[in-house]
Amino acid sequence: MFQKKMAQQVYTKSTWGYVACISALLYAAPHLWWGMGISVAFPGDFKSFHENIWSIAIGFWTMGFLAVLASLFALSFIQPWGRRIPRIMLLILGWISSIGLTFWGLGFFYLRFFIEIGRVISSPQFTYQDSNIHPIIWGYIWYSLFLVWGISLGLTVLQYQRKSRVQNEEVNKSISIDN
């Protein structure tokens, strides 16, 4: 009986997990194509990056591949193969990631708000970015993505935490009954 209970799947079918996965892939795709030299949708001067190989390697390739891994991480909460990862590791990394992504996304909106009401003045090197409409629009798009990614990952982790706790309690009850 105990082994049968342990073999049960501790995963949830969550739309939020797929939203987090797609958000990560939406972040990864442009970084990977920028790494290949395709300038489509680049928010700035793309030519300046080709002068520095480390900027390309870290800023594009590394961030793109990490985002692909993050998409798989989001799926690990809702797919059966995610059960191979210890529950506590998933929960700790999931909550830290969710909180970090959410606050990173909120940070842009917070900063834009204080720039607009005049409480923050842009430093000279960021005056163009903070006053030109195109970088501002790109900022709203990218940081909204971080916000959606963080919130959807948080909802996925919460659902996983609740469901896996209930299933762990059922396993513990079956152990005490079997003994």
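Predicted model: local features only at pLDDT ≥ 70, side-chain atom pairs only at ≥ 80, totals over all residues.

Trainee: What percentage of the residues in the protein is buried?

Mentor: A residue counts as buried when its relative accessible area is under 20%. The protein has 179 residues, and the buried share of them is 34%.

Trainee: Which residues are linked in a network of salt bridges?

Mentor: The structure holds 2 salt bridges. In one, the side chains of Arg112 and Glu116 meet at 2.6 Å, N to O; in the other, Asp130 pairs with Arg112, the closest N and O atoms being 4.0 Å apart. Arg112 takes part in each pair, and the network consists of Arg112, Glu116 and Asp130.

Trainee: Is Arg112 buried or exposed, and is Glu116 buried or exposed?

Mentor: The cut-offs are under 20% relative accessible area for buried and over 50% for exposed. Arg112 has 4% relative accessibility and so counts as buried. Glu116 has 57%, and therefore counts as exposed.

Trainee: Which element gives the largest share of the lining of the largest pocket?

Mentor: The largest pocket holds about 950 Å³ of space. Of its 31 lining residues, the closest to the centre are Pro43, Gln129, Gly139, Trp142 and Tyr143. Two or more lining residues come from each of helix H2 (15-35), H3, helix H4 (87-116), helix H5 (127-131) and helix H6 (133-178). The largest share, 7 residues, comes from H6.

Trainee: How many charged residues are in the lining of the second largest pocket?

Mentor: This pocket has a volume of about 270 Å³ and is lined by 13 residues, with Leu66, Ala67, Ala70, Leu101 and Trp149 nearest its centre. H3, H4 and H6 each supply at least two lining residues, the largest share, 7 residues, coming from H3. The lining of the largest pocket has 21 nonpolar, 8 polar and 2 charged residues. In the second largest pocket the lining has 12 nonpolar residues and 1 polar residue, and the number of charged residues is none.

Trainee: Which residues make the nonpolar surface patch of about 460 Å²?

Mentor: Such a patch takes residues with over 30% relative accessible area. Leu66, in helix H3 (residues 53-76), is partly exposed at 48%, and Leu72, also found in helix H3, is partly exposed at 42%. The patch is made by Met63, Leu66, Leu69, Leu72 and Trp81.

Trainee: What distance separates the C-alpha atoms of Leu72 and Gly17?

Mentor: Leu72 is found in helix H3. Along the chain, Leu72 and Gly17 are 55 residues apart, and their C-alpha atoms are separated by 9.9 Å.

How values were computed: Residues numbered from 1 in each chain as written. Heavy atoms only, no water. Patch = residues over 30% accessible without salt bridge, like charges linked within 9 Å, V, L, I, M, F, W, Y side chains within 5 Å. Areas by Shrake-Rupley, 256 points an atom, 1.4 Å probe, with all protein chains shown as cover. Helix = DSSP H or I, 4+ residues; strand = E, 2+ residues; numbered from the N terminus. Buried < 20%, exposed > 50% of the residue type's maximum accessible area, 1.4 Å probe, protein only. 1 Å grid on protein atoms, 1.4 Å probe; cavity = no way out; pocket = protein on both sides within 12 Å on 5 of 7 lines; lining within 4 Å. Points joined across faces, edges and corners; volume = space filled by probe spheres on them. Nonpolar A, V, L, I, M, F, W, Y, C, P; charged D, E, K, R; others polar.
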